[in-house]
Amino acid sequence: MISRLVLPALVLLLSFAPAQAAPARVLHDMAGDAVTVPERIERVATVGAVPVINSLVFAIGERTRIVNGLPEFARRSRWGYQSVFAPHTAELPSMQNADRTPRLEALLQAAPDVVLTMDRASADSLRRAGLPALFLAWRQPEDVKKVVQLLGQLFGRPQAAQRYVARFDDILARVDERLRSAAPPRPRVLYFSPGTLTQPHLVAEWWIRAAGGASVTDDGRQIESRSFTMEQLLAWDPQVLIVSSREDADRVMRDRRFAGLDAVRTGRVLVAPCGAHTWGNRTSEQPLTVLWAARQFHPALFADVDVNAETQRFYRDLFGVDLSAAQVDEILAGGPRAAAKAR
């Protein structure tokens, strides 16, 4: 029996006991690291490759959860549709430094439930500071689906993640079936940065191949970026050149060094579409990249494919955003010339 003297002291002690912690769970990120996160995610911060990571959050319909704005490098018109897909972020501060490392003080003040990053060192440092951080990464197309499925677990939206996976697989299967049935000649294709003579992203080797092209830089490489000389470019003589901006396309058409290339002589210098991110780079929009590229590489074979309608449907069904026909045209033409505004 508790004595009358002990009882008041016990009640006082219990009154100062810490409140019960919010329910938590453990997820494993793309490096296999165990990360404890809240049961319910209300606030998410994205640092590093912000446009890419945001595109993944958009893909499962959780755009309103983002608590940071775009970093300085992404505040150009090229990424104008970020503020269409997540308008509230336009007025929010960036939470990273110029070198893309996390700005710890800003993140602690924002108090996100989780931080998403594609840099493992950043994830480790954030965890040491007491912030749950998930490392996201992919090099192969199947990895994109794994990342989205991980975010489906994080946000408690497994059905949204599965919807993305189903759309991804459906688009690729339809393109592949048509290519297999017709077996058209594959044009020589180069996705590149003309100012540096580099093929900037390994994922381009996959989507060019999936769309029925033969990437001239697809030599089994494992490195992210591939440099080459002007002499090598002339020897490859691509039939299709793809760049990531209108400025790069203008540079190619004006620079006499490129004048003799088949792609320049026939006018097949293309600008990759740009929505949440440049479609030629890593982005959740990757299946649309394959569809768009197949239509460009084999216009007769895919003449009946309405890329505009497919694009509009993708953003509506997955991102939860209704785009006008003019907005879709703008994205397919390489993104906005000036900051895009919601229409």
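**Side-chain contacts in a predicted model**

The side chain of T311 comes within 2.8 Å of the backbone oxygen of V307, a polar contact (a pair of N or O atoms within 3.5 Å; within protein, one must be able to donate a hydrogen and the other to accept it, and residues adjacent in sequence count only if both atoms are side-chain atoms). The model is predicted: local features need pLDDT of at least 70 and side-chain atom pairs count only at pLDDT 80 or more, while totals for chains, interfaces and linings use all residues. Residues are numbered from 1 along each chain as its sequence is written, and side-chain values use heavy atoms, with hydrogens and water left out.

T311 belongs to helix 13 (residues 307–319); helices (H or I, at least four residues) and strands (E, at least two) are DSSP runs, numbered from the N terminus. T311 counts as buried because its relative accessibility is 0%, where buried means under 20% relative accessible area, exposed over 50%, and partly exposed in between (1.4 Å probe, protein chains only). Leaving aside residues up to four places away in sequence, T311 touches W279, L288, V328 and L332, with contact meaning heavy atoms within 4.5 Å.

Charged pairs come next. Side chains of opposite charge can pair when their charged atoms come close. The structure holds 23 salt bridges, each defined by a side-chain nitrogen of Lys or Arg within 4 Å of a carboxyl oxygen of Asp or Glu. In one of them, R127 pairs with D33, and the closest N and O atoms are 3.3 Å apart. This pair links distant parts of the chain, 94 residues apart: R127 is in helix 5 (residues 120–128), and D33 is in the loop between strand 1 (24–28) and strand 2 (34–38). D33 is buried, at 19% relative accessible area, whereas R127 is partly exposed, at 24%. Both residues also belong to a network of salt bridges that links D29, D33, R120, D124 and R127.

R40 and E42 form another salt bridge, at 2.4 Å from N to O. R40 is exposed, with 55% relative accessibility, and E42 is partly exposed, with 34%. D218 and R209 also form a salt bridge, their closest N and O atoms lying 2.9 Å apart. D218 is partly exposed at 34% relative accessible area, and R209 is partly exposed at 40%.

A pair of aromatic rings is described by the distance of the centres and the angle of the planes. Rings of Phe, Tyr and Trp (its six-membered ring) pair if their centres lie within 6.5 Å; planes under 30 degrees apart count as stacked, over 60 as edge-to-face and the rest as tilted. The count by this rule is 16 aromatic pairs. Y164 and F168 are a tilted pair because their planes stand at 55°, with ring centres 6.1 Å apart. Both residues lie in helix 7 (residues 158–182), four residues apart, about one turn of the helix, and both are buried.

Y191 and W207 make an edge-to-face pair, with 5.7 Å between centres and 65° between planes. Y191 lies in strand 6 (residues 188–191) and W207 in helix 8 (residues 203–210), so the pair ties together parts 16 residues apart in sequence. Y191 and W207 are both buried.

Y164 and F168 are among the members of one aromatic cluster, which also includes F58, Y81, F85, W206, F314, Y315 and F319. Elsewhere, R100 lies over the face of F73, 3.8 Å from the ring centre; a charge sits over a ring if NZ of Lys or CZ of Arg is within 6 Å of the ring centre and within 35 degrees of the ring normal.
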